Amino acid sequence: MSSGRVHVLRPEDLGEGERQRWRELRAAAEVPRNPFMEPEFTAAVGLVRPGARVAVLYEGTEPAGFLPFERGPLGQGRAIGLGVSDCQGAILRPGLVQDTAELLRACSVSTFAFDNLEPEQRLFLPYAAEEHATFVIDVEKGYDTYESVLRAQSPKFLKTTLAKERRLGRQVGPVRFVFDERDPAVLRTLMEWKSAQYRRTGRRDRFAQEWITRLVGRLAETRAPECTGTLSVLYADGRPVAAHFGLRSASVLSCWFPAYDPAFAKYSPGLVLHLRMAEAAAAEGIGLLDMGRGPAEYKDSLKTGELAVYEGAALRPGAGAALHWLSREPVRRAHAFVRDHPGVASLASRALRGAGRLRGGRRR
């Protein structure tokens with residue numbers, strides 16, 4: 001379908017020329033080249049989400065922009081892969097002027113919801129309700145420089161983690177790290193660990209949703225210069241003790257699903273894994289590891305800085321926008337209240353863990 005200079009397609013209907021133009025526009029953007037913003041991620045979502053679409057914005061016969069999104073049954077729009085995608089927005093020619101409401105109308109959606117909107121997204125930033133920090137590790141100057149930063153800002157953390165890595169090798173068996181593991185059995189193990197972690201902490205199990213499991217499987221087979229599914233594994237005595245699945249471009253490793261075997265928790269294998277991932281990424285010429293939004297103690301220990309991402313929804317007047325507001329805004333405000341009040345956040349966290357233990361007890 002089309003509206004003026006906007007054509008809306010299914011991801012699989014994009015031609016190679018359009019995909020290449022998408023990549024060129026991403027290369028010209030003044031932001032880190034996050035793999036979630038590449039056409040390969042949208043294509044993978046299109047295989048598992050029937051509402052996935054791409055709006056192609058034309059100047060004459062030349063594509064000047066792309067908006068990957070999903071359309072709900074009532075005309076609600078959302079960022080592609082919302083709920084799992086860690087970087088969202090439109091891919092536009094620098095300087096392109098586009099009316100947001102007109103674009104939503106051309107897409108036949110009343111809203112465009114986002115929770116990890118990248119900076120410089122002028123189309124949608126005016127609709128941001130909250131700013132969040134995403135935590136990053138800068139290895140642009142090499143891993144040795146990163147270790148020097150850690151020694152300066154958290155010397156006890158680095159010393160303790162490296163000592164635990166050596167102890168793991170002595171007490172369990174030789175430690176080995178693989179940056180890009182291809183064994184599907186290890187990916188399944190990682191998803192099992194992660195599901196158990198979600199349940200243990202009382203959080204929604206993402207891998208209980210079939211489309212997410214299928215999406216990760218598709219992306220594990222994706223090998224493109226700017227979007228490659230990457231399974232990193234820490235082994236001890238030939239056995240996986242920690243693993244991570246994420247996406248990498250030539251310059252950014254987007255950290256996505258890390259987990260470890262709780263039987264080896266005393267060795268902090270997840271922290272060791274992240275150090276080895278940073279070392280391997282730097283050796284590959286990757287300059288940034290993006291650990292995503294959301295506070296976590298391990299992120300505070302590993303990070304060298306923070307970047308901003310945004311949450312909100314662009315709306316155009318109508319019943320769909322009102323429905324979105326009624327369904328989402330009270331929940332968002334409740335989450336913001338809990339997050340901004342540490343005492344309440346601590347109580348909520350304990351309640352979630354308790355609920356997780358109860359659910360686990362019922363399963364047994």
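Predicted model: local features only at pLDDT ≥ 70, side-chain atom pairs only at ≥ 80, totals over all residues.

Leu288 of strand 14 is the bridge partner of Asp138, and this contact belongs to the antiparallel pairing, over four bridges, of strand 8 (residues 128-138) with strand 14.

**Strand 14 and its partners**

- Strand 14 spans residues 288-293 and is mostly covered, since five of its six residues count as buried, that is, under 20% relative accessible area.
- Strand 13 also pairs with strand 14, here in the parallel sense and over three bridges, and within strand 14 the bridge partner of Ser254 is Asp290.
- Strand 13, helix 8 (residues 269-283) and strand 14 together make a β-α-β unit, and this unit is right-handed.

**Aromatic pairs**

- The structure holds eleven aromatic pairs, and one of them joins Phe112 and Phe114 in a tilted arrangement, with 6.3 Å centre to centre and 40° between the planes.
- Both members of that pair are covered: Phe112 counts as buried at 1% relative accessibility, and Phe114 is buried with a relative accessible area of 2%.
- Phe207 and Phe257 form a tilted pair as well, with 4.9 Å centre to centre and 50° between the planes.
- This second pair links distant parts of the chain, 50 residues apart, because Phe207 lies in the loop between helix 6 (184-200) and helix 7 (210-220), whereas Phe257 belongs to strand 13 (residues 252-260).
- Phe207 has a relative accessible area of 11% and is therefore buried, and Phe257 counts as buried at 1% relative accessibility.
- Phe207 and Phe257 are also members of a cluster, linked by ring pairs, that includes Phe36, Phe41, Phe245 and Trp256.

**Charges over rings**

- Arg49 lies over the face of Trp211, at 4.2 Å from the ring centre.
- In a second case, the charged end of Arg176 sits over the ring of Tyr235, 4.3 Å from its centre.

**Cysteines**

- The count of disulfides comes to zero, where a disulfide would require a pair of cysteine sulfur atoms within 2.5 Å.
- Cys107 counts as buried at 0% relative accessibility, and Cys255 likewise counts as buried, at 6%.

How values were computed: Residues numbered from 1 in each chain as written. Heavy atoms only, no water. Phe/Tyr/Trp six-rings, centres within 6.5 Å; stacked < 30°, edge-to-face > 60°. Buried < 20%, exposed > 50% of the residue type's maximum accessible area, 1.4 Å probe, protein only. Helix = DSSP H or I, 4+ residues; strand = E, 2+ residues; numbered from the N terminus. Lys NZ or Arg CZ within 6 Å of the ring centre and 35° of its normal. Pairing = 2+ DSSP bridges. Right-handed = clockwise from strand over helix to strand, strands pointing away.
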